[in-house]
Amino acid sequence: MTKPLLEIQGLRKQYGAVEVLKGVDCTMRQGEVIAIIGSSGSGKTTMLRCINMLEEFQGGRILIDGDAIGYDEIAGARRRKGEKEIARQRALTGMAFQQFNLFPHMSAAQNVMLGLVKVKKMGRDEARALAEGWLDRVGLAARADHYPGQLSGGQQQRVAIARAIAMNPRLMLFDEVTSALDPELVGEVLQVIKALAAEGMSMLLVTHEMRFAYEVASRVIFMNKGVIGEEGDPKEMFVRPQTERLVEFLKSSSFQ
Amino acid sequence: MHDLLTNDLLMFANELWIARLALLKGLGVTVSISLLSILAGSVAGVGLGLGLVYGNRLLRLLLRGYTDIVRGTPVLVLVLASYYIFSTVGLDLGPFQAGVLALAVFCSSHVGEILRGALQALPAGQTEAAKAIGLTFGQTFASVLWPQALRQILPTWVNTAAEMVKASTLLSVIGVAELLLRTQEIISRNFMSLEFYFFAGFLYFLINFGIERLGKFVERKTAVPS
(Lines give C-alpha, C1' and ligand atoms only; values in the text may rest on other atoms or scores of the structure.)
Protein backbone atom coordinates (compact mmCIF):
# COMPACT_ATOMS: atom_id res chain seq x y z
CA MET A 1 0.00 0.00 0.00
CA THR A 2 1.29 3.45 -0.88
CA LYS A 3 1.96 6.06 1.75
CA PRO A 4 -1.14 8.17 2.47
CA LEU A 5 -1.16 11.77 1.28
CA LEU A 6 -2.72 13.07 4.47
CA GLU A 7 -2.92 11.53 7.91
CA ILE A 8 -4.73 13.15 10.80
CA GLN A 9 -4.17 11.43 14.13
CA GLY A 10 -6.06 12.34 17.28
CA LEU A 11 -6.43 16.00 16.30
CA ARG A 12 -7.49 18.18 19.21
CA LYS A 13 -8.22 21.88 19.14
CA GLN A 14 -9.41 24.19 21.87
CA TYR A 15 -10.51 27.81 21.94
CA GLY A 16 -9.92 28.63 25.57
CA ALA A 17 -12.01 26.16 27.52
CA VAL A 18 -14.10 25.12 24.55
CA GLU A 19 -12.94 21.98 22.82
CA VAL A 20 -13.82 22.19 19.14
CA LEU A 21 -12.02 19.11 17.88
CA LYS A 22 -12.02 16.17 20.25
CA GLY A 23 -9.73 13.68 18.58
CA VAL A 24 -10.19 13.45 14.83
CA ASP A 25 -8.58 10.58 12.92
CA CYS A 26 -8.58 10.52 9.17
CA THR A 27 -6.45 9.16 6.34
CA MET A 28 -6.55 10.34 2.76
CA ARG A 29 -4.92 8.87 -0.32
CA GLN A 30 -3.62 10.72 -3.33
CA GLY A 31 -6.42 11.64 -5.73
CA GLU A 32 -9.24 11.30 -3.24
CA VAL A 33 -12.01 13.86 -3.08
CA ILE A 34 -13.41 14.05 0.42
CA ALA A 35 -16.44 16.14 1.28
CA ILE A 36 -16.75 17.19 4.91
CA ILE A 37 -20.30 17.88 5.96
CA GLY A 38 -21.95 18.65 9.26
CA SER A 39 -23.89 21.35 11.03
CA SER A 40 -22.23 24.62 11.93
CA GLY A 41 -20.06 24.35 15.02
CA SER A 42 -19.27 20.72 14.33
CA GLY A 43 -15.62 21.60 13.72
CA LYS A 44 -15.38 20.94 10.00
CA THR A 45 -13.91 24.31 9.02
CA THR A 46 -11.58 24.28 12.01
CA MET A 47 -10.27 20.89 10.98
CA LEU A 48 -9.55 22.21 7.50
CA ARG A 49 -7.78 25.27 8.88
CA CYS A 50 -5.57 23.15 11.12
CA ILE A 51 -4.22 21.35 8.08
CA ASN A 52 -2.51 24.50 6.83
CA MET A 53 -1.85 25.94 10.28
CA LEU A 54 -4.28 28.82 9.98
CA GLU A 55 -5.33 27.44 13.35
CA GLU A 56 -2.96 26.21 16.01
CA PHE A 57 -3.91 22.85 17.48
CA GLN A 58 -3.16 21.50 20.92
CA GLY A 59 -3.12 17.77 20.41
CA GLY A 60 -2.57 15.10 17.79
CA ARG A 61 -0.62 15.17 14.57
CA ILE A 62 -1.23 16.09 10.97
CA LEU A 63 1.08 14.54 8.38
CA ILE A 64 1.31 15.39 4.69
CA ASP A 65 3.40 12.83 2.81
CA GLY A 66 4.62 11.69 6.21
CA ASP A 67 5.84 15.19 7.10
CA ALA A 68 4.48 16.51 10.43
CA ILE A 69 2.70 19.83 9.94
CA GLY A 70 3.26 22.74 12.29
CA TYR A 71 4.87 21.05 15.26
CA ASP A 72 7.98 19.05 16.07
CA GLU A 73 7.99 16.46 18.78
CA ILE A 74 11.36 16.27 20.45
CA ALA A 75 11.63 13.85 23.35
CA GLY A 76 7.92 14.01 23.98
CA ALA A 77 7.82 17.83 24.02
CA ARG A 78 5.77 19.57 21.37
CA ARG A 79 7.30 22.63 19.75
CA ARG A 80 5.91 24.88 17.05
CA LYS A 81 8.06 24.91 13.94
CA GLY A 82 9.70 28.15 12.78
CA GLU A 83 7.76 30.66 10.66
CA LYS A 84 9.79 29.88 7.52
CA GLU A 85 9.16 26.15 7.80
CA ILE A 86 5.46 26.67 8.46
CA ALA A 87 5.24 28.96 5.42
CA ARG A 88 6.88 26.24 3.33
CA GLN A 89 4.45 23.64 4.65
CA ARG A 90 1.47 25.89 3.96
CA ALA A 91 2.47 25.98 0.30
CA LEU A 92 1.97 22.18 0.20
CA THR A 93 -1.74 22.82 0.42
CA GLY A 94 -3.86 25.29 -1.51
CA MET A 95 -6.88 26.88 0.09
CA ALA A 96 -9.99 28.57 -1.22
CA PHE A 97 -12.05 30.57 1.27
CA GLN A 98 -15.70 31.31 1.74
CA GLN A 99 -15.05 35.04 1.30
CA PHE A 100 -12.60 34.55 -1.61
CA ASN A 101 -10.02 36.82 0.07
CA LEU A 102 -8.55 38.06 -3.17
CA PHE A 103 -6.05 40.89 -2.82
CA PRO A 104 -8.17 43.87 -3.93
CA HIS A 105 -5.23 46.02 -5.05
CA MET A 106 -4.01 43.43 -7.55
CA SER A 107 -5.45 42.32 -10.86
CA ALA A 108 -6.64 38.74 -11.27
CA ALA A 109 -3.35 37.79 -12.91
CA GLN A 110 -1.31 39.53 -10.20
CA ASN A 111 -3.27 37.66 -7.54
CA VAL A 112 -2.30 34.37 -9.14
CA MET A 113 1.28 35.48 -9.77
CA LEU A 114 2.09 36.65 -6.24
CA GLY A 115 2.81 33.23 -4.77
CA LEU A 116 4.60 32.06 -7.89
CA VAL A 117 6.98 35.02 -7.79
CA LYS A 118 7.47 35.32 -4.02
CA VAL A 119 7.30 31.70 -2.90
CA LYS A 120 8.27 29.71 -5.99
CA LYS A 121 10.79 32.40 -7.01
CA MET A 122 9.57 32.24 -10.59
CA GLY A 123 10.45 34.98 -13.10
CA ARG A 124 7.64 37.45 -13.80
CA ASP A 125 7.16 36.41 -17.42
CA GLU A 126 6.99 32.74 -16.58
CA ALA A 127 4.61 33.45 -13.68
CA ARG A 128 2.43 35.61 -15.89
CA ALA A 129 2.19 32.86 -18.53
CA LEU A 130 1.31 30.28 -15.90
CA ALA A 131 -1.25 32.61 -14.30
CA GLU A 132 -2.90 33.26 -17.65
CA GLY A 133 -3.00 29.52 -18.28
CA TRP A 134 -4.80 28.89 -15.01
CA LEU A 135 -7.17 31.80 -15.46
CA ASP A 136 -8.01 30.33 -18.83
CA ARG A 137 -8.70 26.98 -17.19
CA VAL A 138 -11.24 28.56 -14.85
CA GLY A 139 -12.79 30.41 -17.78
CA LEU A 140 -11.42 33.86 -17.02
CA ALA A 141 -8.72 34.38 -19.65
CA ALA A 142 -10.41 37.61 -20.71
CA ARG A 143 -10.47 38.90 -17.13
CA ALA A 144 -6.76 38.58 -16.34
CA ASP A 145 -6.27 42.32 -15.95
CA HIS A 146 -9.51 42.98 -14.12
CA TYR A 147 -9.41 43.83 -10.43
CA PRO A 148 -11.47 41.90 -7.88
CA GLY A 149 -13.81 44.87 -7.52
CA GLN A 150 -14.64 44.52 -11.21
CA LEU A 151 -15.53 40.82 -10.97
CA SER A 152 -18.66 39.02 -9.82
CA GLY A 153 -18.52 36.80 -6.73
CA GLY A 154 -18.36 33.66 -8.84
CA GLN A 155 -15.55 35.09 -10.94
CA GLN A 156 -13.64 36.18 -7.83
CA GLN A 157 -13.94 32.71 -6.37
CA ARG A 158 -12.65 31.16 -9.58
CA VAL A 159 -9.64 33.52 -9.52
CA ALA A 160 -9.06 32.50 -5.90
CA ILE A 161 -9.12 28.84 -6.90
CA ALA A 162 -6.71 29.55 -9.77
CA ARG A 163 -4.44 31.38 -7.31
CA ALA A 164 -4.32 28.34 -5.04
CA ILE A 165 -4.02 25.71 -7.78
CA ALA A 166 -1.27 27.58 -9.64
CA MET A 167 1.02 26.89 -6.68
CA ASN A 168 0.77 23.22 -7.60
CA PRO A 169 -0.28 22.07 -4.13
CA ARG A 170 -0.34 18.43 -3.05
CA LEU A 171 -3.82 18.92 -1.69
CA MET A 172 -6.57 21.50 -2.16
CA LEU A 173 -8.69 22.69 0.75
CA PHE A 174 -12.07 24.25 -0.05
CA ASP A 175 -13.78 26.02 2.81
CA GLU A 176 -17.47 26.51 1.97
CA VAL A 177 -16.47 28.17 -1.27
CA THR A 178 -20.00 28.63 -2.54
CA SER A 179 -21.67 29.77 0.69
CA ALA A 180 -21.17 33.49 0.01
CA LEU A 181 -22.32 33.32 -3.59
CA ASP A 182 -25.64 34.21 -5.14
CA PRO A 183 -27.42 30.98 -6.12
CA GLU A 184 -27.00 31.59 -9.85
CA LEU A 185 -23.20 31.87 -9.43
CA VAL A 186 -22.74 28.63 -7.48
CA GLY A 187 -22.79 26.44 -10.57
CA GLU A 188 -19.80 28.01 -12.32
CA VAL A 189 -17.60 27.52 -9.26
CA LEU A 190 -18.73 23.93 -8.72
CA GLN A 191 -17.95 23.23 -12.39
CA VAL A 192 -14.36 24.32 -11.86
CA ILE A 193 -14.00 22.10 -8.79
CA LYS A 194 -15.57 19.19 -10.60
CA ALA A 195 -13.10 19.54 -13.46
CA LEU A 196 -10.19 19.58 -11.01
CA ALA A 197 -11.52 16.47 -9.31
CA ALA A 198 -11.82 14.71 -12.65
CA GLU A 199 -8.13 15.44 -13.27
CA GLY A 200 -7.15 13.65 -10.10
CA MET A 201 -6.53 16.64 -7.81
CA SER A 202 -6.67 15.56 -4.18
CA MET A 203 -9.14 17.69 -2.30
CA LEU A 204 -10.93 18.22 0.96
CA LEU A 205 -14.13 20.19 0.68
CA VAL A 206 -16.14 21.61 3.50
CA THR A 207 -19.50 22.12 1.90
CA HIS A 208 -23.19 22.61 2.38
CA GLU A 209 -23.92 21.51 -1.18
CA MET A 210 -25.14 17.99 -0.49
CA ARG A 211 -25.99 17.33 -4.10
CA PHE A 212 -22.45 18.28 -5.09
CA ALA A 213 -20.89 16.17 -2.34
CA TYR A 214 -23.00 13.27 -3.49
CA GLU A 215 -21.90 13.61 -7.11
CA VAL A 216 -18.24 14.55 -6.81
CA ALA A 217 -16.87 13.16 -3.56
CA SER A 218 -15.26 9.75 -3.41
CA ARG A 219 -15.82 9.80 0.32
CA VAL A 220 -17.89 11.82 2.75
CA ILE A 221 -17.01 12.66 6.33
CA PHE A 222 -19.83 13.70 8.61
CA MET A 223 -18.51 15.79 11.48
CA ASN A 224 -20.54 15.87 14.65
CA LYS A 225 -19.59 17.75 17.83
CA GLY A 226 -15.85 17.71 17.18
CA VAL A 227 -15.47 14.11 16.09
CA ILE A 228 -16.14 12.18 12.92
CA GLY A 229 -19.69 10.92 13.30
CA GLU A 230 -19.78 8.78 10.23
CA GLU A 231 -17.82 8.37 7.04
CA GLY A 232 -18.05 6.42 3.84
CA ASP A 233 -19.09 6.33 0.22
CA PRO A 234 -21.62 9.13 -0.45
CA LYS A 235 -23.81 6.83 -2.55
CA GLU A 236 -24.11 4.63 0.50
CA MET A 237 -24.11 7.23 3.27
CA PHE A 238 -26.72 9.59 1.88
CA VAL A 239 -29.07 6.77 1.06
CA ARG A 240 -28.58 4.64 4.18
CA PRO A 241 -27.22 6.83 6.97
CA GLN A 242 -26.15 4.71 9.94
CA THR A 243 -26.44 7.20 12.78
CA GLU A 244 -29.37 9.11 14.16
CA ARG A 245 -27.48 12.42 13.91
CA LEU A 246 -26.75 12.01 10.20
CA VAL A 247 -30.37 11.12 9.52
CA GLU A 248 -31.42 14.35 11.24
CA PHE A 249 -28.76 16.39 9.50
CA LEU A 250 -29.67 15.12 6.05
CA LYS A 251 -33.32 15.78 6.77
CA SER A 252 -32.59 19.40 7.73
CA SER A 253 -30.28 20.00 4.77
CA SER A 254 -31.57 20.49 1.28
CA PHE A 255 -30.52 17.03 0.08
CA GLN A 256 -33.31 14.76 -0.96
CA MET B 1 -13.74 107.32 -3.58
CA HIS B 2 -12.34 105.59 -6.58
CA ASP B 3 -9.06 107.35 -6.16
CA LEU B 4 -8.85 106.42 -2.50
CA LEU B 5 -9.12 102.70 -3.27
CA THR B 6 -6.54 102.92 -6.03
CA ASN B 7 -4.32 104.80 -3.66
CA ASP B 8 -4.62 102.09 -0.99
CA LEU B 9 -3.83 99.37 -3.45
CA LEU B 10 -0.82 101.24 -4.72
CA MET B 11 0.42 101.73 -1.18
CA PHE B 12 -0.03 98.03 -0.42
CA ALA B 13 1.79 97.09 -3.63
CA ASN B 14 4.61 99.39 -2.66
CA GLU B 15 4.88 97.95 0.85
CA LEU B 16 4.67 94.43 -0.54
CA TRP B 17 7.57 95.21 -2.85
CA ILE B 18 9.63 96.54 0.04
CA ALA B 19 8.80 93.46 2.13
CA ARG B 20 9.23 90.92 -0.65
CA LEU B 21 12.54 89.49 0.51
CA ALA B 22 11.44 89.19 4.10
CA LEU B 23 8.23 87.48 3.01
CA LEU B 24 10.08 85.12 0.70
CA LYS B 25 12.52 84.20 3.46
CA GLY B 26 9.63 83.61 5.83
CA LEU B 27 7.87 81.50 3.25
CA GLY B 28 11.05 79.49 2.70
CA VAL B 29 11.39 78.84 6.43
CA THR B 30 7.73 77.84 6.71
CA VAL B 31 8.09 75.40 3.83
CA SER B 32 11.32 73.99 5.31
CA ILE B 33 9.75 73.52 8.76
CA SER B 34 6.72 71.85 7.23
CA LEU B 35 8.65 69.56 4.89
CA LEU B 36 11.14 68.48 7.54
CA SER B 37 8.57 67.85 10.23
CA ILE B 38 6.21 66.02 7.87
CA LEU B 39 9.01 63.85 6.53
CA ALA B 40 10.60 63.02 9.88
CA GLY B 41 7.19 62.69 11.53
CA SER B 42 5.92 60.33 8.84
CA VAL B 43 8.97 58.08 8.94
CA ALA B 44 8.80 57.91 12.74
CA GLY B 45 5.03 57.53 12.52
CA VAL B 46 5.30 54.48 10.27
CA GLY B 47 7.66 52.87 12.78
CA LEU B 48 5.27 53.82 15.56
CA GLY B 49 2.26 52.39 13.73
CA LEU B 50 4.06 49.12 13.04
CA GLY B 51 5.09 48.87 16.68
CA LEU B 52 1.54 49.58 17.83
CA VAL B 53 0.20 46.72 15.71
CA TYR B 54 2.95 44.12 15.65
CA GLY B 55 5.09 44.92 18.70
CA ASN B 56 5.11 42.76 21.81
CA ARG B 57 3.02 43.73 24.79
CA LEU B 58 5.69 45.89 26.46
CA LEU B 59 6.55 47.78 23.27
CA ARG B 60 2.88 48.34 22.51
CA LEU B 61 2.31 49.67 26.00
CA LEU B 62 5.23 52.11 25.73
CA LEU B 63 4.23 53.33 22.28
CA ARG B 64 0.60 53.65 23.31
CA GLY B 65 1.71 55.86 26.21
CA TYR B 66 3.86 58.01 23.92
CA THR B 67 1.07 58.39 21.37
CA ASP B 68 -1.61 59.27 23.87
CA ILE B 69 0.54 61.77 25.76
CA VAL B 70 1.70 63.52 22.59
CA ARG B 71 -1.74 63.61 21.05
CA GLY B 72 -3.25 64.88 24.26
CA THR B 73 -0.83 67.81 24.52
CA PRO B 74 -1.38 71.12 22.71
CA VAL B 75 1.19 71.60 19.95
CA LEU B 76 2.25 74.93 21.42
CA VAL B 77 3.11 73.20 24.69
CA LEU B 78 5.19 70.65 22.75
CA VAL B 79 7.01 73.46 20.97
CA LEU B 80 7.75 75.35 24.19
CA ALA B 81 8.74 72.17 26.01
CA SER B 82 11.08 71.13 23.23
CA TYR B 83 12.71 74.58 23.19
CA TYR B 84 13.11 75.07 26.94
CA ILE B 85 13.47 71.57 28.35
CA PHE B 86 16.33 70.43 26.13
CA SER B 87 18.36 73.52 26.99
CA THR B 88 18.01 72.83 30.73
CA VAL B 89 19.60 69.41 30.25
CA GLY B 90 22.47 70.96 28.34
CA LEU B 91 21.33 69.93 24.88
CA ASP B 92 21.27 73.24 23.07
CA LEU B 93 18.89 73.05 20.19
CA GLY B 94 18.31 76.24 18.27
CA PRO B 95 14.70 77.41 17.97
CA PHE B 96 14.44 75.99 14.45
CA GLN B 97 15.66 72.51 15.43
CA ALA B 98 13.63 72.46 18.63
CA GLY B 99 10.54 73.57 16.75
CA VAL B 100 10.91 71.03 13.97
CA LEU B 101 11.51 68.30 16.55
CA ALA B 102 8.30 69.22 18.40
CA LEU B 103 6.26 69.26 15.20
CA ALA B 104 7.79 65.97 14.01
CA VAL B 105 6.92 64.34 17.33
CA PHE B 106 3.37 65.62 17.02
CA CYS B 107 3.16 64.45 13.40
CA SER B 108 4.54 61.00 14.24
CA SER B 109 1.87 60.35 16.85
CA HIS B 110 -0.84 61.14 14.33
CA VAL B 111 0.67 59.15 11.46
CA GLY B 112 1.29 56.23 13.83
CA GLU B 113 -2.31 56.21 14.96
CA ILE B 114 -3.63 56.52 11.40
CA LEU B 115 -1.46 53.63 10.22
CA ARG B 116 -2.43 51.48 13.19
CA GLY B 117 -6.09 52.02 12.40
CA ALA B 118 -5.61 51.24 8.70
CA LEU B 119 -3.66 48.04 9.36
CA GLN B 120 -6.12 46.81 11.96
CA ALA B 121 -9.06 47.54 9.68
CA LEU B 122 -7.77 45.19 6.99
CA PRO B 123 -9.81 41.96 6.96
CA ALA B 124 -8.10 38.98 8.61
CA GLY B 125 -8.84 37.05 5.43
CA GLN B 126 -6.13 39.03 3.63
CA THR B 127 -3.42 37.73 5.93
CA GLU B 128 -4.91 34.23 5.87
CA ALA B 129 -4.98 34.12 2.08
CA ALA B 130 -1.37 35.26 1.95
CA LYS B 131 -0.36 32.65 4.52
CA ALA B 132 -2.26 29.99 2.62
CA ILE B 133 -0.13 30.48 -0.50
CA GLY B 134 3.00 30.21 1.63
CA LEU B 135 4.04 33.85 2.07
CA THR B 136 6.10 34.66 5.14
CA PHE B 137 4.97 37.50 7.38
CA GLY B 138 7.47 39.91 5.81
CA GLN B 139 6.25 39.08 2.32
CA THR B 140 2.63 39.33 3.40
CA PHE B 141 3.23 42.73 4.88
CA ALA B 142 5.18 44.08 1.89
CA SER B 143 2.90 42.80 -0.87
CA VAL B 144 -0.53 42.57 0.71
CA LEU B 145 -0.98 44.67 3.84
CA TRP B 146 1.23 47.72 3.31
CA PRO B 147 -0.04 48.65 -0.18
CA GLN B 148 -3.62 48.47 1.04
CA ALA B 149 -2.96 50.38 4.25
CA LEU B 150 -1.11 53.08 2.34
CA ARG B 151 -4.05 53.76 0.04
CA GLN B 152 -6.28 53.84 3.08
CA ILE B 153 -4.24 56.41 5.00
CA LEU B 154 -3.46 58.74 2.11
CA PRO B 155 -6.41 61.16 2.54
CA THR B 156 -5.93 61.38 6.31
CA TRP B 157 -2.20 61.77 5.87
CA VAL B 158 -2.72 64.73 3.52
CA ASN B 159 -4.92 66.23 6.19
CA THR B 160 -2.18 65.77 8.79
CA ALA B 161 0.39 67.35 6.45
CA ALA B 162 -1.85 70.41 6.07
CA GLU B 163 -2.20 70.56 9.86
CA MET B 164 1.58 70.59 10.16
CA VAL B 165 1.84 73.60 7.84
CA LYS B 166 -0.64 75.46 10.02
CA ALA B 167 1.11 74.33 13.20
CA SER B 168 4.41 75.74 11.88
CA THR B 169 3.07 79.22 12.77
CA LEU B 170 3.49 78.28 16.43
CA LEU B 171 7.25 78.39 15.99
CA SER B 172 6.96 82.18 15.78
CA VAL B 173 6.50 82.06 19.55
CA ILE B 174 10.04 80.76 20.09
CA GLY B 175 11.46 83.24 17.60
CA VAL B 176 11.73 81.21 14.42
CA ALA B 177 11.48 83.74 11.58
CA GLU B 178 8.88 81.89 9.59
CA LEU B 179 6.14 83.44 7.53
CA LEU B 180 3.92 84.59 10.41
CA LEU B 181 6.74 86.17 12.41
CA ARG B 182 8.04 87.92 9.29
CA THR B 183 4.55 89.19 8.59
CA GLN B 184 4.24 90.52 12.13
CA GLU B 185 7.58 92.28 11.77
CA ILE B 186 6.46 93.88 8.51
CA ILE B 187 3.19 95.00 10.05
CA SER B 188 4.99 96.53 13.03
CA ARG B 189 6.79 98.75 10.51
CA ASN B 190 3.98 99.78 8.18
CA PHE B 191 0.85 99.16 10.32
CA MET B 192 -0.99 97.57 7.37
CA SER B 193 -2.18 94.68 9.51
CA LEU B 194 -5.31 93.82 7.58
CA GLU B 195 -3.54 93.67 4.23
CA PHE B 196 -0.51 91.72 5.34
CA TYR B 197 -2.29 89.22 7.57
CA PHE B 198 -4.64 88.59 4.70
CA PHE B 199 -1.71 88.14 2.35
CA ALA B 200 0.02 85.71 4.72
CA GLY B 201 -3.22 83.79 5.04
CA PHE B 202 -3.38 83.60 1.28
CA LEU B 203 0.14 82.13 1.13
CA TYR B 204 -0.73 79.47 3.74
CA PHE B 205 -3.80 78.65 1.73
CA LEU B 206 -1.69 78.23 -1.41
CA ILE B 207 0.67 75.80 0.31
CA ASN B 208 -2.17 73.69 1.66
CA PHE B 209 -4.06 73.85 -1.59
CA GLY B 210 -0.94 72.51 -3.31
CA ILE B 211 -0.65 69.67 -0.77
CA GLU B 212 -4.31 68.83 -1.19
CA ARG B 213 -4.07 68.75 -5.00
CA LEU B 214 -0.95 66.61 -4.81
CA GLY B 215 -2.74 64.21 -2.48
CA LYS B 216 -5.74 63.98 -4.80
CA PHE B 217 -3.40 63.35 -7.71
CA VAL B 218 -1.60 60.51 -5.92
CA GLU B 219 -4.95 59.13 -4.79
CA ARG B 220 -6.18 59.04 -8.38
CA LYS B 221 -2.95 57.48 -9.63
CA THR B 222 -3.01 54.70 -7.05
CA ALA B 223 -6.77 54.09 -7.03
CA VAL B 224 -7.78 50.46 -7.44
CA PRO B 225 -10.23 50.02 -10.33
CA SER B 226 -13.63 48.76 -9.30
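How much area is buried between chain A and chain B, and what share of it do carbon and sulfur atoms give? In this predicted model, the two chains bury about 2000 Å² between them, and carbon and sulfur atoms give 66% of that area. The contact involves 25 residues of chain A and 20 residues of chain B. On the chain A side, the residues that lose the most area to chain B are A:Arg90, A:Phe103 and A:His105, which together make up 27% of what that side buries.

Chain A contains sheets, two of which are described here. Strands of a sheet pair through backbone hydrogen bonds, either parallel or antiparallel. One open sheet of chain A has 6 strands in the order β8-β9-β10-β3-β11-β12, with mixed pairing. Its edges are β8 (93–96) and β12 (227–232) of chain A; each has a single partner strand, so one side of each has no neighbour in the sheet. From one strand to the next, the twist averages 20°.

Within this sheet, β9 (residues 171–175) and β10 (residues 203–206) of chain A pair in the parallel sense over 4 bridges. A:Met172 has A:Met203 in β10(A) as its bridge partner. Helix α9 (residues 244–252) of chain A lies across β3 (33–37), β11 (219–224) and β12 of chain A, and runs at about 100° to β11(A).

Another open sheet of chain A has 4 strands, ordered β2-β1-β4-β5, and its pairing is antiparallel. Here β2 (18–28) and β5 (67–68) of chain A stand at the edges with a single partner strand each, so one side of each is left without a neighbour in the sheet. Strand β4 (residues 59–64) of chain A is joined to β5(A) by 2 bridges, and the two run antiparallel. The partner of A:Ile64 in β5(A) is A:Asp67. Helix α1 (residues 44–51) of chain A packs on this sheet, where it touches β1 (6–15), β2 and β4 of chain A, and its direction makes about 115° with that of β1(A).

The axes of α3 (residues 75–88) and α4 (residues 95–121) of chain B come within 8 Å and cross at roughly 135°. That angle makes α3(B) oblique to α4(B), and the crossing is right-handed. From α3(B), the residues in contact include B:Val75, B:Ser82 and B:Phe86, while those from α4(B) include B:Pro95, B:Leu101 and B:Phe106. The residues of this helix contact divide into 11 nonpolar, 1 polar and no charged.

How values were computed:
Residues numbered from 1 in each chain as written. Chains lettered and ligands numbered in written order. Predicted model: local features only at pLDDT ≥ 70, side-chain atom pairs only at ≥ 80, totals over all residues. Heavy atoms only, no water. Axes fitted to C-alpha atoms, helices over the stretch in contact; angles between N-to-C directions. Parallel < 35°, antiparallel > 145°, perpendicular 65-115°, else oblique. Left-handed = near helix turned anticlockwise from the far one by under 90°. Contact = heavy atoms within 4.5 Å. Nonpolar A, V, L, I, M, F, W, Y, C, P; charged D, E, K, R; others polar. Pairing = 2+ DSSP bridges. Buried area = accessible area lost by both parts, 1.4 Å probe.
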